[in-house]
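Subject: Structure handover

Hello,

Here is the structure I said I would pass on. My notes follow below it.

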Amino acid sequence: MKQEDIINLGEQYFMPVFQRALISITHGEGVYLYDAAGNKYLDFLSGIAVNGLGYNHPAIVSAINEANQTALHISNYFYSESSVKLAQHMVEYSVLDRVFFANSGAEANEGAIKLARKWGREVKGENAVDIITMRQSFHGRTMATLTATGQDNFHTAFGPLVPGFKYVPFNDLEALKSAIDDNTAAIFLELIQGEGGVIVADQSFVDGVVKLAKEHNILIIIDEVQTGNGRTGKLYAYEHFNIEPDILTTAKGIANGVPMGALLAKEEVANYFKVGDHGSTFGGNPLASHAALATQQVLSEPGFLEHVNEMAYYLVTKLQELKEKYSVINDIRGKGLIQGLVLDTKSGPIYQASMDKGLFVSATAGNVLRLLPPLIIEKEHIDEAISIIDEVFGEMK
Ligand SMILES: Cc1ncc(COP(=O)(O)O)c(C=O)c1O
């Protein structure tokens, strides 16, 4: 089909909730995507931090083919080899002990909220089900995760919200201290707020969270939906911050494009979930588990994360050069291969102009240009992206 016809059909039949670019992607290869009009794009968006291993990665292709030859879906009434091996791998490569597989980030976070509430009620008392989240956070679009999301603009049209959530400004320890009371079950946070504009937690704040959680017997839930799976140069962002989550959620890059989410917890917390407390028809089915296991195995190959860090260092060095050249760039923030350019102007037009020149990036939080390249990028791809961004800033009036 022609690009224009595909777009017209989409306009006619989709619910209009996405601001889609007028581009129809046909396929990808490595770190490049191609549209139906034959244009090629360097992908510094990675499906919003999903395609860490790019497109058509041989390990993922072969894992999916293998799943296809067995059974794509097996009910959670039964065990399947790929999902138990995946759970084992994720436990061995984290500080968590047990895993529940879901299908998205929001769904993993829903599970985290339920688990924290059950734990709070049984350990601390009937009313100890409150969860404190951060302003500017993003945790998903379901009712509970939307409520957990500390951005009023997402809430306005959809009340009544789920009771039992409190919000404090990110990186404000005093506010967090004041919000805690006997009914607090959990503190729920991203260590780098991705959708919020690539805002990195202060180490002193994280230290304070750990201390307060210990003093008041409160669970720490870390949302690594965006920052997990090697994105920050460690498998999980918590490894940068000297913090051990009681509950961790991840999704996006977990299976390199096959929809999946995971909820992980320490043994002593996970065990509050009993048979029937939670579930999912598709969660962890063989298709997703094959893709995820292959993805996790690549991420844990010796040298893989070193490559991410090497590329991140090179990218940040090049971004610093741009910052020196263009006063419109106020700040560069992030870790590993999640980087945000904080601009003096709206980032939307820069996102559009970059796309017009063959580079996908993302515009978030109004004035932040977010870069989420595949983890497999090489220096030549960074040079290519930087030269496009340089051209875009150079042409700005
Ligand atoms: C930190 C974080 N949590 C949760 C979500 C929701 O994930 P999903 O869109 O897979 O439901 C996102 C999505 O952007 C996210 O960045």
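At what angle do helix 13 and helix 14 pack, and how far apart are their axes? This is a predicted model, so please read every value below as computed from it.

Helix 13 covers residues 348–356 and helix 14 covers residues 379–395; the angle between them is about 125 degrees, and their axes are 9 Å apart. An angle of that value makes helix 13 oblique to helix 14. Their crossing is right-handed. On the side of helix 13, the residues that make the contact are I350, A353 and S354, and on the side of helix 14 they are I388, I389 and V392. By class, this contact between helix 13 and helix 14 holds 5 nonpolar residues, 1 polar residue and no charged residue.

Helix 11 packs with helix 3 and with helix 4, and I take the two pairs in turn.

Helix 3 (residues 58–69) meets helix 11 (residues 286–299) at about 155 degrees, with 8 Å between the axes. Helix 3 is therefore roughly antiparallel to helix 11. The crossing of this pair is right-handed. Helix 3 brings A59, I60, A63, I64, E66 and A67 to the contact, while helix 11 brings P286, L287, H290, A291, L293, A294, T295 and V298. These residues of helix 3 and helix 11 divide into 11 nonpolar, 2 polar and 1 charged.

Helix 4 (residues 81–92) packs against helix 11 at an angle of about 35 degrees, and here the axes are 8 Å apart. Helix 4 passes helix 11 in a left-handed crossing. From helix 4 the contact takes S82, S83, K85, L86, H89 and M90, and from helix 11 it takes P286, S289, H290, A292, L293 and Q296. The classes in the contact of helix 4 with helix 11 are 5 nonpolar, 6 polar and 1 charged.

Next, the ligand. Which residues are closest to the ligand, and how many surround it? The shell has 14 residues, and the closest are S104, G105, A106, V225 and Q226. Sorted by class, the shell around the ligand contains 4 nonpolar, 7 polar and 3 charged residues. Helix 5 supplies the largest share of this shell, with 3 residues.

Helix 5 itself runs over residues 105–124, which is 20 residues. From its first C-alpha to its last, helix 5 reaches 27 Å, close to the 28 Å expected at 1.5 Å a residue. Just after helix 5 comes G125, with a positive phi of about 130 degrees.

Two points on the backbone remain.

What kind of peptide bond joins G159 and P160? The bond is cis, with omega at about 0 degrees. P160 sits in the loop that runs between helix 7 (152–155) and strand 6 (165–168).

The other point is S46, a residue other than glycine whose phi is positive, near 55 degrees. S46 belongs to helix 2, which covers residues 46–49.

If you want a place to start, look at helix 11 with helix 3 and with helix 4, then go to helix 5 and the shell around the ligand.

Regards

Note on methods
Residues are numbered from 1 along each chain as its sequence is written. This is a predicted model: local features need pLDDT of at least 70, side-chain atom pairs count only at pLDDT 80 or more; totals for chains, interfaces and linings use all residues. Helices (H or I, at least four residues) and strands (E, at least two) are DSSP runs, numbered from the N terminus. The expected span of a helix is 1.5 Å times one less than its number of residues. Axes are lines fitted to C-alpha atoms, for helices over the stretch in contact, and angles run from 0 to 180 degrees between N-to-C directions. Angles under 35 degrees count as roughly parallel, over 145 as roughly antiparallel, 65 to 115 as roughly perpendicular and the rest as oblique. A crossing is left-handed if the near helix is turned anticlockwise from the far one by less than a right angle, and right-handed if clockwise. Two residues are in contact if their C-beta atoms, placed from the backbone, lie within 7 Å. Ala, Val, Leu, Ile, Met, Phe, Trp, Tyr, Cys and Pro count as nonpolar, Asp, Glu, Lys and Arg as charged, and the others, Gly among them, as polar. A residue is near a molecule or strand if its C-beta atom, placed from the backbone, lies within 6 Å of it.
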